[in-house]
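The following exercises are intended for a reader who meets this structure for the first time.

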Amino acid sequence: MKRHTIFCLIAVAVIFNAGNVYGQGDAQCVNSKCHADMGTKKYVHGPVGAKVCTVCHVPTPDKDHEFTFFAAKEELCLGCHETSRDMMLQEHVHSPVSDGNCTGCHDPHQSDFQYTLKGKAADLCYNCHKTDKFSKEFVHGPVGGGDCNVCHNPHASQNINQLEKAPEELCLSCHVEMTETMGKRHVHPPVKEKCTNCHDPHSNAAQYMLDTNRPQVCFGCHENLAVNPEVEHPPVASGDCSACHNVHATDYPRMLLEPLNELCFTCHEELGELVDNSTHKHGPVQDGDCNACHNPHGSENYRLLKKYFPHDFYMAYNTENYAMCFECHNKDVALDEKTSTLTDFRDGEINLHYLHVNKEVKGRSCKACHQSHATDQEKHIRKSVPYGSVNWDLPVAFTKLEDGGSCVVGCHAPKEYHRK
Ligand code: HEC
Ligand code: HEC
Ligand code: HEC
Ligand code: HEC
Ligand code: HEC
Ligand code: HEC
Ligand code: HEC
Ligand code: HEC
Ligand code: HEC
Ligand code: HEC
Ligand code: HEC
Ligand code: HEC
Ligand code: HEC
């Protein structure tokens, strides 16, 4: 209803009341003996300020000082505040509003608070809502400031919980720096869905209004990661997920902080230098795919490997021992004593892989000759082998020949092999 119409109505009411039992209009209701404090507070409702009481309290004819309202509770306020009717048409209407209980929040006469509210800021809400949800250990900035209405419309809105903005826009409207994060290429699915999957908008037991501290908050959804592996990776075991992931989003797959191999090299610097400075990088290492062989979270295998690979240097032969390598390579390289097809590491038909690896006792592991990451020699032959408990660096010099190779090693006299 337009302001002037409201005043017209009050004017009409004043005139209408001029001849009633109280004599000179509603002013009679308020005097030093009766309703003396009416109109004395900081904020006075329009018609009360005009000392027009009977526009709402209609005197019952022939009864002394008995009143009814000019309309039912649900219609009383809307009778003048025509525009407030719009709130009822919204998708989500606050329960006291839809019940017509406007006076649950507004005093019809006066109050010390603007809009003649029955409390200031959050205290108004706490008249009906229990405070426990809003007073846990870590309280959200605007809630601590008592500013519920910055997020909720007290009457109604088009959004669930009478939110002022759609849930997916609400948080970013203040946390503008997160808009950039949300534009990154790999966004954590629950973050994309809604922030309140992890953060309570009001208050919560752990920092950042989370349910629990990290990494437990992650395990809440990623249960399988909570299982203790046999071989642990220290940054994971200590629960420091953020050493590698940003929980919200990054430009790299799995929300890693950096491209995979660069990430690993930030801690494994020595290996990073080895790889950078070597002329021959093993296929997956060349591709930066450390995860082709390692499980960064922990594993049941030595060195966090995805498949079994022996810790020891010597052991009885069993194809299963080299399951890690045979993920990608022919698992029969060392199977037959004689071959002209299984491997190029042969002298004539004598399979030199078989000779070194396939033994009842003291078969050599692949790592006796090959480097899994990178080296300067052909065929990923390592430059040296740590030998014995003193870790003597036994040199390995390999030269590729047209139909074979030559090895100068500490294990035996220099030898050559020729396939033809
Ligand atoms: C806008 C409508 C409206 C006007 C104008 C109005 N009242 Fe009220 N009044 C109400 C409502 C509604 C209640 C019931 C209060 C409740 O439910 O909380 C009420 C209740 C009362 C009560 C009962 C006790 C109380 O405070 O709850 C008294 C007394 C009263 N009014 C006096 C007056 C006087 C005197 C005036 C004029 C100065 C006046 N009212 C003007 C709406 C109005
Ligand atoms: C008889 C007409 C009338 C009735 C009935 C009435 N109001 Fe008002 N109300 C007014 C007038 C006039 C004003 C002052 C003009 C203005 O500020 O818009 C006003 C102002 C207000 C304001 C302050 C608005 C502002 O922008 O500052 C609130 C809040 C309010 N009324 C709530 C209520 C509630 C709640 C009820 C029901 C209990 C109610 N009104 C019933 C006439 C009425
Ligand atoms: C849950 C508490 C609550 C209830 C119930 C409630 N209001 Fe309000 N109302 C408020 C608050 C808080 C404000 C101040 C809004 C702001 O700060 O933006 C307000 C402001 C207003 C205003 C003035 C500002 C505006 O939005 O035009 C009017 C008029 C008003 N209310 C009318 C009503 C009417 C009519 C009803 C019942 C249909 C009602 N209110 C029920 C809390 C309430
Ligand atoms: C007069 C009592 C009363 C006051 C004051 C009040 N509320 Fe409510 N509110 C209710 C009732 C009743 C419900 C519905 C039952 C429930 O969910 O608890 C409700 C529900 C809500 C809901 C959930 C709505 C939904 O869709 O489930 C929100 C959000 C809310 N209130 C916010 C507020 C805020 C913010 C304030 C302060 C500005 C406030 N309330 C003040 C009575 C009140
Ligand atoms: C930063 C924005 C924000 C502020 C500030 C805020 N809320 Fe909320 N509130 C929300 C969101 C978002 C939801 C929906 C929660 C969900 O989806 O799990 C909600 C839900 C609610 C609900 C209904 C669901 C429930 O948890 O029971 C009530 C009641 C409520 N808020 C009351 C309040 C009160 C009271 C205040 C002030 C003390 C307040 N809110 C301040 C954002 C906010
Ligand atoms: C009205 C603005 C506003 C809205 C909307 C808002 N926040 Fe906040 N938020 C703040 C303020 C202010 C702080 C406190 C600032 C600070 O401590 O750096 C804060 C702090 C936080 C913090 C803790 C930051 C820290 O460094 O401790 C988190 C987490 C957070 N908000 C999440 C959310 C989520 C989730 C939503 C949506 C449900 C949301 N916020 C909506 C204003 C807002
Ligand atoms: C999967 C759970 C999860 C979701 C969903 C989530 N967050 Fe977070 N958020 C966290 C965790 C955990 C932290 C603690 C900081 C850390 O680990 O880096 C955090 C920290 C924050 C912080 C404070 C520190 C900082 O990085 O600035 C803000 C602000 C924040 N989140 C806002 C949001 C917003 C906005 C959304 C929705 C777009 C959201 N969060 C969704 C888990 C989540
Ligand atoms: C509310 C549930 C929830 C919480 C809490 C949660 N996540 Fe997730 N996360 C998911 C869902 C759902 C996916 C997508 C399905 C999947 O890969 O399991 C996902 C996927 C991921 C991915 C892979 C993303 C990709 O690109 O495939 C990473 C990494 C991740 N989460 C890390 C974390 C970390 C770290 C935390 C704790 C800070 C965490 N998550 C907490 C639900 C959650
Ligand atoms: C040392 C770095 C590192 C740490 C610390 C780390 N992660 Fe990861 N995480 C990775 C890498 C690398 C991937 C990608 C694995 C892949 O693509 O195979 C990954 C993938 C994930 C995924 C996707 C699903 C999966 O299992 O591949 C989830 C979920 C995940 N991490 C959660 C966590 C949680 C929770 C923590 C903390 C307990 C954590 N991560 C700690 C490096 C790490
Ligand atoms: C935040 C630092 C950090 C990051 C990032 C990191 N690591 Fe580690 N990693 C360690 C520490 C500390 C150890 C234990 C000491 C050591 O062996 O250097 C370790 C040990 C290892 C081990 C040997 C485990 C054992 O018990 O034998 C492997 C394999 C490994 N990391 C692989 C990786 C891979 C692959 C990545 C990248 C996905 C990576 N690391 C990223 C800190 C890190
Ligand atoms: C082809 C499989 C494979 C790939 C790909 C791979 N590794 Fe390894 N890694 C191994 C094997 C096998 C060992 C154990 C070597 C041993 O027993 O001496 C190992 C050992 C390690 C170790 C323990 C210390 C050391 O140097 O022996 C770290 C750290 C490590 N790798 C990190 C990485 C990183 C970082 C990447 C990616 C750049 C990566 N690995 C890629 C197979 C691989
Ligand atoms: C994830 C797949 C993968 C795994 C696992 C793997 N490799 Fe490789 N390997 C490759 C690819 C791809 C090449 C070819 C590119 C190159 O020369 O690095 C290759 C090449 C080689 C070569 C050189 C072959 C040639 O003809 O030049 C040797 C030797 C080798 N790998 C040994 C090993 C050993 C030993 C293991 C186990 C510790 C292993 N690889 C595990 C993928 C793998
Ligand atoms: C005694 C040293 C030695 C050992 C132990 C060894 N290799 Fe080799 N391997 C070589 C040499 C030398 C070549 C190069 C053959 C050529 O191209 O002339 C080679 C070549 C390869 C090739 C390339 C394809 C082929 O067969 O020619 C693969 C794959 C390979 N080795 C895997 C392995 C695996 C897996 C193990 C462990 C089961 C292993 N090697 C153990 C010395 C060794």
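Predicted model: local features only at pLDDT ≥ 70, side-chain atom pairs only at ≥ 80, totals over all residues.

**Exercise 1.** Determine which protein atoms coordinate the iron atom of ligand 13, and where their residues lie.

*Solution.* Step 1: the protein donors are NE2 of His-353 and NE2 of His-370, which lie 2.0 Å from the iron atom. Step 2: His-353 belongs to helix α17 (residues 352-357), while His-370 sits in the loop between β15 (363-364) and β16 (374-375). The pair therefore ties together parts 17 residues apart in sequence.

**Exercise 2.** Classify His-353 and His-370 as buried, partly exposed or exposed.

*Solution.* Step 1: a residue counts as buried under 20% relative accessible area, and as exposed over 50%. Step 2: His-353 has 17% relative accessibility, so His-353 is buried. Step 3: His-370 has 29%, so His-370 is partly exposed.

**Exercise 3.** Identify the protein donors of the iron atom of ligand 9, and describe their setting.

*Solution.* Step 1: His-245 (NE2) and His-297 (NE2) coordinate this iron atom at 2.0 Å. Step 2: His-245 is found in the loop between α12 (234-237) and β10 (249-250), and His-297 in the loop between α15 (283-286) and β12 (314-315). These distant parts of the chain, 52 residues apart, are linked by the pair. Step 3: His-245 is partly exposed, because its relative accessibility is 26%; His-297, at 31%, is also partly exposed.

**Exercise 4.** Explain why the arrangement around the iron atom of ligand 9 is octahedral.

How values were computed. Residues numbered from 1 in each chain as written. Chains lettered and ligands numbered in written order. Heavy atoms only, no water. Donors = N, O, S within 2.8 Å, 3.2 Å for Na, K, Ca; no water. Helix = DSSP H or I, 4+ residues; strand = E, 2+ residues; numbered from the N terminus. Buried < 20%, exposed > 50% of the residue type's maximum accessible area, 1.4 Å probe, protein only. Tetrahedral: all angles 85-135°; square planar, octahedral: opposite > 155°, others 65-115°.
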